[in-house]
Amino acid sequence: MDIENKTIRIQVGENNDIDLDHLERTLTACFALHHVVPTIMLTMGTTDTFGVDRVKPVVELRDRLCERFEVAVRPHIHVDAAIGWSMIFFLDYDFAANPLAINAATLAGIERNVSRFAELRYADSFTVDFQKWGYVPYTSSLVMIKEQDDLKAMENDPEHFSYFERDIQGQTHLQSTIECSRGASDLFGAYAALNYLGVEGYRTVLAHCLQNANYFRFRLSQLGNVKLVAQENQGPSVGFKIYNSEWVQDPEAEFAFELARSSDPAYKARLQRNTDYHRSLFKGRGKVGLYTNWVEAVAHSEYDERGKYSYIAGEKAVFMNPACGREQIDAFIAHIRG
């Protein structure tokens, strides 16, 4: 597949979830022009800001437009839940009783996300990376497919495996994977880890990580020269920008200026000045308390009239380590404060 030229990117909103109006306009145009749309890709838990797409409205939109344009083969709706999959463990959590005594801010964030993750059942398939928030080796991943017949799209020509007996060609796993077989150790590793923790134990670990993330957001907000990125997205990842307090009196206003994409050289110079300042702090700090990462696209600007946008760089901390606590967060904040 020619990814660069055959993929249509749909715009996202302020919290990095899909813009349903733009999706409808784009899908309508594709069907009107008789373009085949094989797949609609959604994300539940983006890597840097934990944006969570709605699935049910996309399924309803697809079905409505397919009926309108008499599209026989409906686009397959796949959800990348590589990080966000863990939220499904809270689907039946008693939010009123709150048996784990999760703090109010984190509880509200989990409940909001769970209301969206409940829609995962409408997807045709979804991805899970157990090594992300599952505490197992990197090779442990899963693609869950709702309808068995959809696997036929992944079949290879039996002639690709001509060195096997012709009698078994097309009847076994040989058609579905180029290596001809798969080991099950990674699958059992993921199962063993989750089974060892149990539902309540795993929920406890997740809640601890999410409470750490919220505590970090709170401490950053006290500094006065930091802008939290997509702070409504209550996931384990916290994106932020640090500004020079001598140049910037209001981080919210400065970030709003950066979001307003412009071709003006003065805009680009100011954006680069802010980026260079934060980048220099990041590189000079090293690992103090927390192991953060520099991200070239922790946010993006608004869309211009042609649908173009610019990336905005920044820093992020991901709270997936159960051993992390407020001591490490406080040490990080104290170092920034100087």
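Here are some questions and answers about this predicted model.

Me: What is the mean pLDDT of the protein?
Reply: Happy to start there, since this is a predicted model. Of the residues, 91% reach a pLDDT of 70 or more. The mean pLDDT of the protein is 91.

Me: Which element of the protein has the highest mean pLDDT?
Reply: Let's look at both ends of the range. The lowest mean pLDDT among the elements, 81, belongs to helix 1 (residues 3-6). At the other end, with a mean of 98, stands helix 3 (residues 56-68).

Me: Are helix 4 and helix 5 roughly parallel or roughly perpendicular?
Reply: Start with the geometry: helix 4 (residues 104-117) packs against helix 5 (residues 185-221) with the axes 9 Å apart and an angle of about 115°. Angles of 65 to 115 degrees count as roughly perpendicular. Helix 4 is therefore, relative to helix 5, roughly perpendicular.

Me: How many charged residues does the contact of helix 4 with helix 5 have?
Reply: On the helix 4 side, the residues are A105, T106 and I110, and they meet A207, L210, Q211 and N214 in helix 5. Sorted by class, this contact has 4 nonpolar and 3 polar residues. The number of charged residues is none: no charged residues.

Me: Are helix 6 and helix 7 roughly parallel or oblique to each other?
Reply: Helix 6 (residues 251-259) and helix 7 (residues 265-285) have axes 10 Å apart, and their packing angle is about 130°. Angles under 35 degrees count as roughly parallel, and over 145 as roughly antiparallel, with 65 to 115 as roughly perpendicular and the rest as oblique. The two helices are therefore oblique.

Me: How many charged residues are in the contact of helix 6 with helix 7?
Reply: Helix 6 brings E254, F257 and E258, while helix 7 brings Y267, R270, L271, R273 and N274. By class, the contact has 3 nonpolar residues and 1 polar residue. The count of charged residues is 4.

Me: Is the crossing of helix 5 and helix 8 left-handed or right-handed?
Reply: First, the axes of helix 5 and helix 8 (residues 326-337) come within 10 Å and cross at roughly 20°. An angle under 35 degrees counts as roughly parallel, and the pair is therefore roughly parallel. As for the hand, the way helix 5 passes helix 8 is right-handed.

Me: How many nonpolar residues does the contact of helix 5 with helix 8 have?
Reply: From helix 5 come N212, Y215, F216, R219 and L220, and from helix 8 come R326, I329, D330, F332, I333 and R337. Of these, 1 is polar and 4 are charged. The nonpolar residues number 6.

Me: How many residues apart in sequence are the parts that D48 and K316 tie together?
Reply: The side chains of D48 and K316 form a salt bridge, with N to O at 2.7 Å. D48 sits in the loop between strand 1 (39-43) and helix 3, and K316 in strand 8 (residues 311-318), so the parts they tie together are apart in sequence by 268 residues.

Me: Which residues does E232 touch, not counting those up to four places away in sequence?
Reply: E232 is found in the loop between strand 5 (226-229) and strand 6 (237-242). Its C-alpha is 7.9 Å from that of G109, although E232 and G109 are 123 residues apart in sequence. Leaving out residues up to four places away in sequence, E232 touches N15 and R112.

Key:
Residues numbered from 1 in each chain as written. Predicted model: local features only at pLDDT ≥ 70, side-chain atom pairs only at ≥ 80, totals over all residues. Heavy atoms only, no water. pLDDT = per-residue confidence, 0-100. Helix = DSSP H or I, 4+ residues; strand = E, 2+ residues; numbered from the N terminus. Axes fitted to C-alpha atoms, helices over the stretch in contact; angles between N-to-C directions. Contact = heavy atoms within 4.5 Å. Nonpolar A, V, L, I, M, F, W, Y, C, P; charged D, E, K, R; others polar. Salt bridge = Lys/Arg side-chain N within 4 Å of Asp/Glu carboxyl O. Left-handed = near helix turned anticlockwise from the far one by under 90°.
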